[in-house]
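Please read them with the model open.

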Amino acid sequence: MSTNSGLVVILTALDLEYAAVRDQLTDLRVRRHPAGTRFEVGRIGQSDCRVALGLVGKGNHPAAVLAERAMAEFSPAAVLFVGVAGGLWPNIRLGDVVVASKIYAYHGGTSEDDGLKARPKAWEIPHEADQIAHHVDRSAAWRRGLSVGAAPKVHFGPIAAGEVVQDSGISEQARWIRQHYNDAVAIEMEAAGVAQAGHLNRALPVVVVRGISDHADGSKAATDGQDWQPKAARHAAAFATALARELTIDGPASRGGADRDGSPTMPTTNHNIATGNAHVGVQAGQIYGNVTVGDGADQPIDLAASIADLRTHLKQAHLDGQLDEETYAAAEAELEAATVCVSAGTPEKKSGLMVALKRLRGLVADVSELAARLAAIIAVVRDL
């Protein structure tokens with residue numbers, strides 16, 4: 001599966017968490033999945049980082065299913081799960097942010113005569129994502145948009161994810177977590193499902209970012225009454241969107257590897273040394289269209305194949321949120337007109353083909369990759 005290096009999926013469980021992330025985005029457009037799931041695709045401020053935002057509801061199971069759906073739909077550079085959680089340590093204050101260094105699925109074990117024995121299952125944050133998250137924390141720029149007086153700290157530590165709302169410090173389950181997962185710093189209900197989905201999708205990077213809205217000790221009703229949930233959600237959203245921007249700049253999908261079509265990415269700088277009678281003939285970075293070295297006059301260009309390839313990339317741009325529904329439909333219509341002209345194969349169809357391609361150029365001019373591919377096709381048609 002090729003990766004869209006400029007897009008990050010952000011998932012939330014609650015509406016207030018969704019709203020906190022949505023407030024950080026601009027140019028939002030709805031993307032409807034065939035199964036009924038709705039995502040909104042937008043940008044973080046005026047940056048080039050695009051975000052596909054989705055609501056998964058409570059619990060690890062729906063979180064896993066919809067995380068998998070988002071991964072298949074968008075092929076993102078990373079997935080962030082963002083929202084609120086209960087803090088488990090007294091040094092973690094209400095409103096602080098926790099980035100999961102490890103995610104425990106704590107509802108796993110074996111029941112024996114002498115009690116319930118834990119069978120831990122855990123997923124660690126990818127090393128590079130962890131390094132980038134620490135960098136975002138050190139920069140402190142992510143706090144600039146927060147309300148006056150807000151000074152949340154960022155903590156890196158394990159998060160426990162189960163299937164119940166934990167609101168007691170003395171219950172049997174609370175004692176179980178302290179006994180078997182005593183390094184967990186926060187507790188919530190969805191991270192394990194998202195982490196499992198990322199693991200099964202070629203180890204796609206998953207980062208869980210949680211704002212602390214209660215202490216999971218019986219005081220949840222009081223802290224909810226003091227509006228700590230929306231405050232904590234805003235803090236988590238601010239950190240997560242700053243992290244998303246850095247992941248698309250510095251993450252593994254942003255360099256090396258492969259482009260969306262699977263072709264290897266060229267380095268941005270090339271050095272050549274020629275000695276004796278040797279010399280450098282051709283040096284190129286990214287190439288769209290056809291390249292001929294030497295005498296290639298007797299090798300005809302397959303216009304039909306080039307237009308079919310352009311159609312594939314047009315569809316991908318639409319899926320990535322770079323083209324809205326109306327623009328995509330108009331572009332498809334012009335591509336279809338161009339295909340008909342090529343199929344006819346008559347000289348008088350050349351003018352119609354050029355008109356369709358020029359109209360298409362006006363529709364996709366803002367998508368650099370499509371514009372470059374289309375320019376190569378137009379140049380070929382002009383030479384016919």
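1. Threonine 223 touches Leu94, Ser213, Asp214 and Trp228, leaving aside residues up to four places away in sequence. The residue sits in helix H6, which spans residues 220-225. Its relative accessibility is 7%, and a value under 20% counts as buried, so threonine 223 is a buried residue. Please keep in mind here and below that the model is predicted.

2. The loop between H6 and H7 holds aspartate 227. This aspartate has a positive phi of about 65°, although it is not a glycine. For background, most residues other than glycine have a negative phi. With a relative accessible area of 45%, aspartate 227 is partly exposed.

3. Arginine 202 also has a positive phi, near 55°, and is likewise a residue other than glycine. It belongs to the loop that joins helix H5 (191-200) to strand E12 (206-214). Is arginine 202 buried or exposed? Its relative accessibility is 68%, so arginine 202 counts as exposed.

4. Helix H7 (residues 228-250) packs with helix H3 (residues 127-139); the two axes come within 9 Å and cross at roughly 125°. That angle makes H3 oblique to H7. The crossing is right-handed. On the H3 side the contact uses Glu128, Ala129, Ile132, Ala133, His135, Val136 and Asp137, and these meet Phe239, Ala242, Leu243, Glu246, Leu247 and Asp250 of H7. By class, the residues of this contact are eight nonpolar, one polar and four charged.

5. H7 also packs with helix H1 (residues 15-22), at an angle of about 40° and with the axes 8 Å apart. H1 and H7 cross in a right-handed sense. Which residues make the contact? From H1 come Leu16, Glu17, Ala20 and Val21, and from H7 come Gln229, Pro230, Ala233, Arg234 and Ala237. The contact of H1 with H7 comprises six nonpolar, one polar and two charged residues.

6. Helix H4 (residues 172-180) has Ala174, Trp176 and Ile177 as its buried residues. Viewed down the axis of H4, these fall within an arc of 160°, so they line one face of the helix. They pack against strand E8 (115-118) and strand E11 (186-188). The face of H4 turned away from the buried side carries Glu172 and Gln179, which are exposed.

7. Alanine 67 is part of helix H2, residues 60-74. How much relative accessible area does alanine 67 have? The value is 0%, so alanine 67 is buried. Leaving out residues up to four places away in sequence, alanine 67 touches Leu11, Val194 and Ala197. Alanine 67 and glycine 193 are 126 residues apart in sequence, yet their C-alpha atoms are 8.0 Å apart in space.

Key:
Residues are numbered from 1 along each chain as its sequence is written. This is a predicted model: local features need pLDDT of at least 70, side-chain atom pairs count only at pLDDT 80 or more; totals for chains, interfaces and linings use all residues. Side-chain values use heavy atoms; hydrogens and water are left out. Axes are lines fitted to C-alpha atoms, for helices over the stretch in contact, and angles run from 0 to 180 degrees between N-to-C directions. Helices (H or I, at least four residues) and strands (E, at least two) are DSSP runs, numbered from the N terminus. Angles under 35 degrees count as roughly parallel, over 145 as roughly antiparallel, 65 to 115 as roughly perpendicular and the rest as oblique. A crossing is left-handed if the near helix is turned anticlockwise from the far one by less than a right angle, and right-handed if clockwise. Contact means heavy atoms within 4.5 Å. Ala, Val, Leu, Ile, Met, Phe, Trp, Tyr, Cys and Pro count as nonpolar, Asp, Glu, Lys and Arg as charged, and the others, Gly among them, as polar. Buried means under 20% relative accessible area, exposed over 50%, partly exposed in between (1.4 Å probe, protein chains only). The arc is that of the directions from the helix axis to the C-beta atoms.
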